[in-house]
Amino acid sequence: MSRIGRAPIPIPPGVEVSVADRRVTVSGPRGTLEREVPEPITVRTDDGSVLVERPDDERASRSLHGLVRSLLANMVTGVSGGFSKELEIVGVGYRATAAGPQRVDLALGFSHPVSVEAPEGVTFTVPVPTRIVVDGIDKQVVGQVAADIRRLRKPEPYKGKGVRYAGERVIRKAGKAAK
C-alpha cells in the first residue's frame with residue numbers, strides 16, 4: 001500500500017470538503033477548488049479528515065493512489081493558507097514594476113518592456129524592484145506562472161543574469177581564457 005496514499009488528510013478549521021460522484025470540492029477562507037478524481041480511486045470524508053482509497057493493487061491504481069492524495073492535500077493547503085513562489089531578478093537594469101495585483105511589467109534587457117498578466121486566482125506583489133512574489137491557492141497554477149516568468153529570461157551561465165527562483169543556485173561557467 002502506498003505510504004503517501006493511505007495517510008489521511010486532516011481538514012483544518014474553516015475548510016469544507018464535499019465529495020459528489022467523482023468530483024471533490026474544497027472550500028475555505030481563501031477560495032474554492034474543484035478536481036475530478038480518476039476512475040479506480042475513491043475518496044471519502046471521515047471525522048475531520050479525507051481518505052483516499054484504491055480498489056486493488058493493479059499498476060494504474062497504485063500510481064494514482066498517492067497522486068490523488070497529494071493533489072487533494074495541496075487543495076486543502078491552498079484554500080487554507082495558499083501557495084507562493086518568489087522570483088529574483090539579477091542584472092544591471094533588470095527590474096519589475098507592479099501594475100496592480102494582476103499585472104507586472106518587466107524590464108529584462110529587451111528593447112521593450114514585457115508585461116505579464118496573472119490568470120484568475122493568482123496575484124503578483126513586487127516588494128523590491130528585483131523580487132516578484134506569485135501568490136495563489138492552486139499550487140500547479142502558481143508554479144506554472146512562476147515558470148513562465150522565469151522562462152522570459154533564464155539565468156545565463158556566464159554572468160548569472162536573468163530571472164531565477166529565490167535561493168536557486170546558477171552554476172557558472174568560466175569564460176574564454178585569454179592568451
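Modeller: Start with α2. At 1.5 Å a residue, its 22 residues should span 32 Å, and the end C-alpha atoms are 33 Å apart, so the two agree. Bear in mind that this is a predicted model.

Colleague: Which residues of α2 are buried?

Modeller: The buried set is Ser61, His65, Gly66, Val68, Arg69, Leu72, Ala73, Met75, Val76, Gly78 and Val79. After the helix comes Gly82, with a positive phi near 85 degrees.

Colleague: Which residues of α3 are buried?

Modeller: Val142, Val145, Ala146, Ile149 and Arg150 are. Seen down the axis of α3, the buried residues fall within an arc of 140 degrees, so they line one face of the helix. Gln140 and Arg151 are exposed on the other side.

Colleague: What covers the buried residues of α3?

Modeller: The cover includes the strands β7 (83-90), β9 (103-107), β10 (114-117), β11 (122-125), β12 (131-136) and β13 (162-165).

Colleague: Why is Ala146 called buried?

Modeller: Buried means under 20% relative accessible area. Ala146 has 0%, so it is buried. Ala146 sits in helix α3. Not counting residues up to four places away in sequence, Ala146 touches Lys85, Leu87 and Tyr165. Ala146 and Leu87 are 59 residues apart in sequence, yet 7.3 Å apart in space, C-alpha to C-alpha.

Colleague: And Thr25, at 18% relative accessibility: why does that count as buried?

Modeller: The cut-off is under 20%. Thr25 has 18%, so Thr25 counts as buried. Its place is in strand β3, residues 23-28. Leaving aside neighbours within four places in sequence, Thr25 is in contact with Glu16, Val17, Ser18, Thr32, Leu33 and Glu34.

Colleague: Now the largest pocket. How do you know which residues line it?

Modeller: A lining residue has an atom within 4 Å of a pocket point. Leu33, Glu34, Arg35, Leu71, Asn74, Met75, Ile137, Asp138, Lys139 and Gln140 make up the lining. The volume of the largest pocket is about 150 Å³.

Colleague: Which elements each supply at least two residues of that lining?

Modeller: β4 (31-36), α2 (59-80) and α3 (139-152) do.

Technical notes
Residues numbered from 1 in each chain as written. Predicted model: local features only at pLDDT ≥ 70, side-chain atom pairs only at ≥ 80, totals over all residues. Heavy atoms only, no water. 1 Å grid on protein atoms, 1.4 Å probe; cavity = no way out; pocket = protein on both sides within 12 Å on 5 of 7 lines; lining within 4 Å. Points joined across faces, edges and corners; volume = space filled by probe spheres on them. Helix = DSSP H or I, 4+ residues; strand = E, 2+ residues; numbered from the N terminus. Expected span 1.5 Å × (residues − 1). Buried < 20%, exposed > 50% of the residue type's maximum accessible area, 1.4 Å probe, protein only. Arc of directions from axis to C-beta. Contact = heavy atoms within 4.5 Å.
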